[in-house]
Amino acid sequence: MAVVWQRQEDGVLYQVHRRGDRMRLFANGVQHSEFHPKRLVTGSVWDLLWLPALLSEPQRFRRVLILGLGGGTLLPPIRELLAPDKLIAVELDPHHLAVAREVFSVVGEGEQTVLGDAVAWLNAYDGEPFDLIIEDLFAPDNEAVSRAVPADRAWVRTLARHVSARGTLVMNFGDFTEYRQSHAADQHIMKGWSSRFRLSCGDCHNAVVAFTRDPARSVHLRRRLQQDARLAPLLRRGRLDYHIRQLDSAGA
């Protein structure tokens, strides 16, 4: 495995490792992103972040917001599977954004990337709501793999305010305990959502939690994967590894 890009700043060592066509971004030894030009899925946590979109019809998601772009792992599958009219991605770390733009080269024409604080950006945002918000905020200097932004009452309400009437919110937590201890698991605070799901995979400890405005069932996700010519073979071969459980209440 070769190191093909490296930067060091403020006590954080950023490296991109390459093995064959696969490239992975690390910060202080913790992997934050990866990219393979011939593969739509990673077999890890990044798949869990876009999979909830397939709980509904993909064409529903015309406006997509990613908070915490990292190296841009999510951009190719979202572009390929959802083809949104508008895609905005906000990333605090300039080195991560440089990898997305210049090393992985995954930012497509018309896709807007913003260097800035995701919380400040969304608090200041005054435009149309988004049909899909993916919130994946982890600090590059955090070796414990826990959230950089607490999922407190103010933040989850801000997120909800910017999701459209039939939209979906996806949040990444370091583990399920971190979710359970957050305001995102409070049934009263999250009462505006019809369905909630926990997604996990064997490759990581993260708990990805999806909230949908419309009622949804995990069987619909499975059916769409099985009917998609790009994803069905990967599902059969076990390369698309995921587990999904419907949460019957926000604190389940």
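This is a predicted model: local features need pLDDT of at least 70, side-chain atom pairs count only at pLDDT 80 or more; totals for chains, interfaces and linings use all residues.
Strand S4 gives the largest share of the lining of the largest pocket, contributing 5 residues, and S4 is also one of the elements that supply two or more residues to the lining of the second largest pocket.

**The largest pocket**

- The largest pocket has a volume of about 780 Å³, and among the 40 residues that line it, Gln 31, His 32, Asp 136, Phe 138 and Asn 172 are the closest to its centre.
- Besides S4 (30-35), the elements that each supply at least two residues of this lining are strand S3 (22-27), helix H1 (45-50), strand S6 (86-91) and helix H4 (118-124).
- Divided by class, the lining of the largest pocket consists of 17 nonpolar, 15 polar and 8 charged residues.

**The second largest pocket**

- The second largest pocket holds about 220 Å³ of space, and of the 13 residues in its lining, those nearest its centre are Glu 34, His 36, Arg 39, Val 41 and Thr 42.
- Helix H2 (75-81) joins S4 in giving two or more residues to the lining of the second largest pocket.
- By class, the lining of the second largest pocket has 5 nonpolar, 4 polar and 4 charged residues.

- Thr 113, which lies in strand S7 (residues 112-115), counts as buried because its relative accessibility is 18%, and the cut-off for buried is under 20%.
- The side chain of Thr 113 makes a polar contact of 2.9 Å with the side chain of Arg 101.
- When neighbours within four places in sequence are set aside, Thr 113 is in contact with Leu 69, Ala 89, Leu 97, Arg 101 and Val 107.

**Helix H3**

- Helix H3 spans residues 94-103, and within it His 95, His 96, Leu 97, Ala 98, Val 99 and Ala 100 are buried; Leu 97 in this run is also one of the residues in contact with Thr 113.
- The cover over the buried residues of H3 includes strand S1 (2-9) and strand S2 (12-19), together with S3, S4, S6 and S7.
- At the start of H3, a side-chain oxygen of Asp 93 comes to within 2.8 Å of the backbone nitrogen of His 95.
- After H3 comes Ser 105, which has a positive phi, near 55°.

Definitions and conventions. Residues are numbered from 1 along each chain as its sequence is written. Side-chain values use heavy atoms; hydrogens and water are left out. On a 1 Å grid over the protein atoms alone, a cavity is a set of points where a 1.4 Å probe fits but cannot get out, and a pocket is an open set with protein on both sides within 12 Å along at least five of seven lines; lining residues have an atom within 4 Å of a point. Grid points are joined across faces, edges and corners, and a volume is the space filled by probe spheres set on the points. Helices (H or I, at least four residues) and strands (E, at least two) are DSSP runs, numbered from the N terminus. Ala, Val, Leu, Ile, Met, Phe, Trp, Tyr, Cys and Pro count as nonpolar, Asp, Glu, Lys and Arg as charged, and the others, Gly among them, as polar. Buried means under 20% relative accessible area, exposed over 50%, partly exposed in between (1.4 Å probe, protein chains only). A polar contact is a pair of N or O atoms within 3.5 Å; within protein, one must be able to donate a hydrogen and the other to accept it, and residues adjacent in sequence count only if both atoms are side-chain atoms. Contact means heavy atoms within 4.5 Å.
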